[in-house]
Amino acid sequence: MPSVNVKVIEGVFTRKQKQEIVERLSETMVSIEGENLRQVTWVVVEEVKSGEWGIAGQPLTTEAVRKLAAGG
């Protein structure tokens, strides 16, 4: 049973965007593994608290990710 786990910083993606992540990743997996495995393909979107995820030795916050997404 295929399982895809996506971790994101809390508060960055809307409910609709997280639903789209689940739908698109599921479709991608099914395109690789075949339609018969659709019913057992899992996609989990897990939110990590702001500041509890680090990159390059620095905590990553919701605000920083939003700024990055906005191009700034």
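## Starting at Val 40

At 32% relative accessibility, Val 40 counts as partly exposed, because that class runs between the 20% limit for buried and the 50% limit for exposed. This is a predicted model, so please read the values below as properties of a prediction. Val 40 sits in the loop that runs between helix 1 (15-33) and strand 2 (42-48). Leaving out residues up to four places away in sequence, Val 40 touches Met 1 and Pro 2. Leu 25 is 15 residues from Val 40 in sequence, and their C-alpha atoms are 13 Å apart in space.

## The nonpolar core

Now let us turn to the inside. The largest nonpolar core is built from 5 residues: Val 4, Val 6, Val 8, Ile 21 and Val 43. Strand 1 (residues 3-9) supplies the largest share of this core, with 3 residues.

Setting aside residues up to four places away in sequence, Val 8 touches Phe 13, Val 45, Glu 46, Glu 47, Val 48 and Trp 53.

## Salt bridges

Side chains of opposite charge can pair when their charged atoms come close. In this model the count comes to 4 salt bridges. One of them joins Lys 18 and Glu 47, with the closest N and O atoms 3.2 Å apart. This pair links distant parts of the chain, as Lys 18 is in helix 1 and Glu 47 in strand 2, 29 residues apart. Both partners are partly exposed: Lys 18 has a relative accessible area of 22%, and Glu 47 has one of 36%.

Arg 38 forms a salt bridge with Glu 27, and here the closest N and O atoms are 2.7 Å apart. Again distant parts of the chain are linked, with Arg 38 in the loop between helix 1 and strand 2 and Glu 27 in helix 1, 11 residues apart. The side chain of Arg 38 also meets that of Glu 35 in a salt bridge, at 2.5 Å from N to O. Which residues do these shared partners join into one network? They are Glu 27, Glu 35 and Arg 38. Arg 38 is partly exposed at 27% relative accessible area, Glu 27 is partly exposed at 41%, and Glu 35 is partly exposed at 49%.

## Glu 46 in strand 2

Glu 46 is found in strand 2 and is partly exposed, with a relative accessible area of 32%. Apart from its neighbours within four places in sequence, Glu 46 is in contact with Asn 5, Val 6, Lys 7 and Val 8.

For a sense of distance, take Glu 46 and Lys 67, which are 21 residues apart along the chain. Their C-alpha atoms are separated by 21 Å.

Is Thr 62 buried or exposed? Thr 62 is buried, because its relative accessible area of 7% is under the 20% limit. This residue is found in helix 2 (residues 62-69). A polar atom of the Thr 62 side chain lies 2.7 Å from the backbone oxygen of Glu 10. Leaving aside neighbours within four places in sequence, Thr 62 is in contact with Ile 9, Glu 10, Gly 11, Val 12 and Ser 50.

Most residues other than glycine have a negative phi. Ala 56 is not a glycine, yet its phi is positive, at about 55°. Ala 56 is placed in the loop between strand 3 (53-55) and strand 4 (58-60). With a relative accessible area of 79%, Ala 56 counts as exposed, because the value is over 50%.

Notes. Residues are numbered from 1 along each chain as its sequence is written. This is a predicted model: local features need pLDDT of at least 70, side-chain atom pairs count only at pLDDT 80 or more; totals for chains, interfaces and linings use all residues. Side-chain values use heavy atoms; hydrogens and water are left out. Helices (H or I, at least four residues) and strands (E, at least two) are DSSP runs, numbered from the N terminus. Buried means under 20% relative accessible area, exposed over 50%, partly exposed in between (1.4 Å probe, protein chains only). Contact means heavy atoms within 4.5 Å. A nonpolar core is a set of buried Ala, Val, Leu, Ile, Met, Phe, Trp, Tyr and Cys residues joined through side-chain atoms within 4.5 Å. A polar contact is a pair of N or O atoms within 3.5 Å; within protein, one must be able to donate a hydrogen and the other to accept it, and residues adjacent in sequence count only if both atoms are side-chain atoms.
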